Amino acid sequence: MKKIHLEFSVNGEQRSVLVEGYRSLLDTLREEVGLTGTKKGCDVGDCGACTVMVNGQPVNACLMLAAEAQGAEVLTVEGMQPNPDELHPLQEAFMEHGASQCGFCTPGILIMAKHLLDQNPLPTDEEIRFGLSGNICRCTGYTKIFDAIRTAGKRMAAAKAASVEA
Ligand code: FES
Ligand code: FES
């Protein structure tokens, strides 16, 4: 099958790969680009493990053709850190609260939670529940995940307030 020359930005780096037209964005990120942080759970759009941002919007990468990402800006869990020496507040809070159990759903939840907190750093439990409704964690309850998201949101709100005052 004829391959497509795909050019897109992944975590701020311009990438160029050859992919078959049927390849999903998820498989392309993991196998052609070599970023395996994004996980494949169900591969049919049910679990949210494969969530990445495309042009600022969360998508299930298993449901998107790589070809549709031509020219797009993609953010994966590997790109969340502000710099190599600093974790994103969500990554820190997940570690502190023990919110990653097996860790399989965590990349998708981190991306979705980032999207939520970027718009609303102090969400209610209802808003967190709604925001994460497409992300399934099979390990245990969501209590630690919710705690971590609340903690990260408070820190992000405080940092934003401090930068406005400065
Ligand atoms: S792997 Fe994409 S939603 Fe489950
Ligand atoms: S941490 Fe295991 S499925 Fe969520």
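This is a predicted model: local features need pLDDT of at least 70, side-chain atom pairs count only at pLDDT 80 or more; totals for chains, interfaces and linings use all residues.
The model contains an open sheet of five strands in the order S2-S1-S5-S3-S4, and the pairing is mixed. The edge positions are taken by strand S2 (13-20) and strand S4 (57-60); each has a single partner strand, so one side of each is left without a neighbour in the sheet. From one strand to the next, the twist averages 40°.

Two helices are placed against this sheet. Helix H1 (residues 25-32) packs on the sheet and touches S1, S2, S3 and S5. The direction of H1 makes about 110° with that of S2. Helix H3 (residues 106-119) lies across S3, S4 and S5 and runs at about 40° to S3.

Strand S3 (residues 51-54) is antiparallel to strand S5 (residues 73-75), to which two bridges join it. Val54 has Val74 of S5 as its bridge partner. S3 also pairs with S4, again in the antiparallel sense, over four bridges, and Val52 stands opposite Val59 in S4. The hairpin formed by S3 and S4 has two residues between the strands, and Asn55 in this hairpin takes a positive phi near 50°.

In a regular strand, side chains alternate between the two faces of the sheet. In S3, Thr51 and Met53 point one way, whereas Val52 and Val54 point the other way. All four of these residues are buried.

Leu25 lies in helix H1. With a relative accessible area of 0%, Leu25 is buried because the value falls under 20%. When residues up to four places away in sequence are not counted, Leu25 touches Phe8, Val52, Val54, Ala61, Met64, Leu65, Ala66 and Ala69.

Ser9 is found in strand S1 (residues 3-10). The relative accessibility of Ser9 is 11%, so this residue also counts as buried. Leaving aside neighbours within four places in sequence, Ser9 is in contact with Gln14, Ala72, Glu73 and Val74. Val74, one of these contacts, is the bridge partner of Val54.

How values were computed
Residues are numbered from 1 along each chain as its sequence is written. Chains are lettered from A and ligands numbered from 1 in the order in which they are written. Side-chain values use heavy atoms; hydrogens and water are left out. Buried means under 20% relative accessible area, exposed over 50%, partly exposed in between (1.4 Å probe, protein chains only). Contact means heavy atoms within 4.5 Å. Two strands pair if DSSP finds at least two bridges between them. Axes are lines fitted to C-alpha atoms, for helices over the stretch in contact, and angles run from 0 to 180 degrees between N-to-C directions.
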